[in-house]
Amino acid sequence: MKELKCFALLLAGGSGERMRAGIPKQFLKVTGKTLLECSLEPFLVDPEIDGIVLVSHVDHLAHTRDLLKTIKQPKSVKVVPGGLTRQNSARIGLTEIPEAADIVLIHDVARPFVSSNLIRACIEKLKTVDAVVTAIPMGDTLLRAEDSAGGDKVVTAVLDRSCFWRAQTPQGFRLSLIRNAHRLAEENQMVGFTDDCGIVLHFALAPVYILPGDINNLKITFPNDIVLGEASLKWSSQTRQVDR
Ligand code: CTP
Ligand code: MG
């Protein structure tokens with residue numbers, strides 16, 4: 001029996017400056033499809049997801065809508081114009097999620113390798129908690145550094161990396177909780193949050209539970225990330241074949 005009404009909020013309102021591609025990265029291709037299509041598909045086909053709100057860059061609404069026309073859409077996808085920052089785009093998108101929704105999964109279209117398993121894991125956990133973030137353990141050693149008198153950076157501490165995680169999306173929340181978080185951020189004129197669980201934590205609104213992320217679910221930020229992402233996927237599928 002289906003217990004929670006679940007919506008997905010996909011963020012594609014950025015302009016991909018660091019990608020230096022001339023067009024926003026959501027329209028670039030990985031594994032033969034645009035990032036936008038790759039990110040949307042697992043949410044579109046998942047029967048647990050009741051509907052999708054897609055935040056588009058305001059200058060690329062037509063392009064986004066045209067692209068959507070080429071994709072089979074088994075459920076409603078509402079396209080809305082985003083804001084100047086990710087935080088703004090998420091806040092605007094949240095206002096478009098129907099009141100009837102219990103939970104919302106927020107996902108960056110910049111992570112085109114999101115898997116159905118990850119989506120399912122978020123929904124399952126949200127049956128018992130109010131906020132989840134997918135994340136992977138820190139692989140590198142973490143250093144704290146300060147500026148030296150000569151202008152160089154000097155290490156002041158090596159941190160215990162077992163306490164640190166690299167946040168991914170999807171992140172999932174009770175709808176009322178994440179709307180409240182964004183409302184508080186706006187009322188307090190707090191800008192610059194780079195993800196949504198950070199806002200919940202800032203206002204200590206709820207514990208945020210970590211769910212094991214996926215090493216393939218990497219974020220496309222710089223040009224070489226496309227090559228890395230495709231290679232990672234290929235490696236995983238070959239490894240799975242060998243394992244069989
Ligand atoms: N995003 C958004 N609205 C914004 C800025 C970002 O919806 N005003 C979305 C992006 O489309 C992306 C996600 O937030 O899916 C994470 O942002 P980021 O990786 O920084 O993407 P861009 O902002 O597009 O890239 P850049 O910072 O290099 O310009
Ligand atoms: Mg950005």
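Here are legends for several close-up views of a predicted model.

Residues are numbered from 1 along each chain as its sequence is written, and chains are lettered from A and ligands numbered from 1 in the order in which they are written. Local features need pLDDT of at least 70, side-chain atom pairs count only at pLDDT 80 or more, totals for chains, interfaces and linings use all residues, and side-chain values use heavy atoms, with hydrogens and water left out.

**View 1. The surroundings of ligand 1.** Let us start with the ligand: 18 residues lie around ligand 1, and Leu-11, Gly-16, Glu-17, Ser-89 and Lys-219 come nearest. Here a residue is near a molecule if one of its heavy atoms lies within 4 Å of it. Leu-11 brings a backbone N or O atom to 2.8 Å from an oxygen atom of ligand 1. For Arg-18, a backbone N or O atom lies 2.9 Å from an oxygen atom of the ligand, and for Val-109 the corresponding distance is 3.3 Å. On its own, ligand 1 has 560 Å² of accessible area, and the protein covers 88% of that. Accessible areas come from the Shrake-Rupley method with a 1.4 Å probe; for residues, only the protein chains shown count as cover.

View 2. Look for Gln-171 in strand β10, which spans residues 165-174. Helices (H or I, at least four residues) and strands (E, at least two) are DSSP runs, numbered from the N terminus. Gln-171 is buried, with a relative accessible area of 1%. Buried means under 20% relative accessible area, exposed means over 50%, and partly exposed is in between, using a 1.4 Å probe and protein chains only. The side chain of Gln-171 reaches the backbone oxygen of Gln-168 at 3.2 Å. Such a polar contact is a pair of N or O atoms within 3.5 Å; within protein, one must be able to donate a hydrogen and the other to accept it, and residues adjacent in sequence count only if both atoms are side-chain atoms. Leaving aside neighbours within four places in sequence, the residues in contact with Gln-171 include Val-104, Val-132 and Asp-195. Contact means heavy atoms within 4.5 Å.

View 3. The peptide bond leading from Thr-169 to Pro-170 is cis, with omega near 10°. For background, most peptide bonds are trans, and most residues other than glycine have a negative phi.

**View 4. Two residues with positive phi.** Thr-31 is not a glycine, yet its phi is positive, at about 45°. You can find Thr-31 in the loop between β2 (29-30) and β3 (33-34), where it is partly exposed at 43% relative accessible area. Gln-189 is another residue other than glycine with a positive phi, near 50°. The loop between α5 and α6 (197-202) holds Gln-189, and this residue counts as exposed at 68% relative accessibility.

View 5. A search of the whole structure finds 12 salt bridges. A salt bridge is a side-chain nitrogen of Lys or Arg within 4 Å of a carboxyl oxygen of Asp or Glu. In one of them, Lys-69 pairs with Asp-66, with the closest N and O atoms 3.4 Å apart. These two are separated by about one helical turn because they sit 3 residues apart in helix α2 (residues 61-69). Lys-69 is exposed, with a relative accessible area of 67%, whereas Asp-66 is partly exposed at 42%. Arg-91 and Glu-186 form another salt bridge, with their closest N and O atoms 3.7 Å apart. Arg-91 lies in helix α3 (residues 86-95) and Glu-186 in helix α5 (residues 175-187), so the pair ties together parts that are 95 residues apart in sequence.

**View 6. A nonpolar patch on the surface.** Leu-143, Val-155 and Val-158 form this patch, with about 280 Å² of accessible area together. Patches are made of residues with over 30% relative accessible area and no salt bridge; like charges are joined within 9 Å, and nonpolar side chains (Val, Leu, Ile, Met, Phe, Trp, Tyr) within 5 Å. Val-155 belongs to strand β9 (residues 153-159) and is partly exposed, at 46% relative accessibility.
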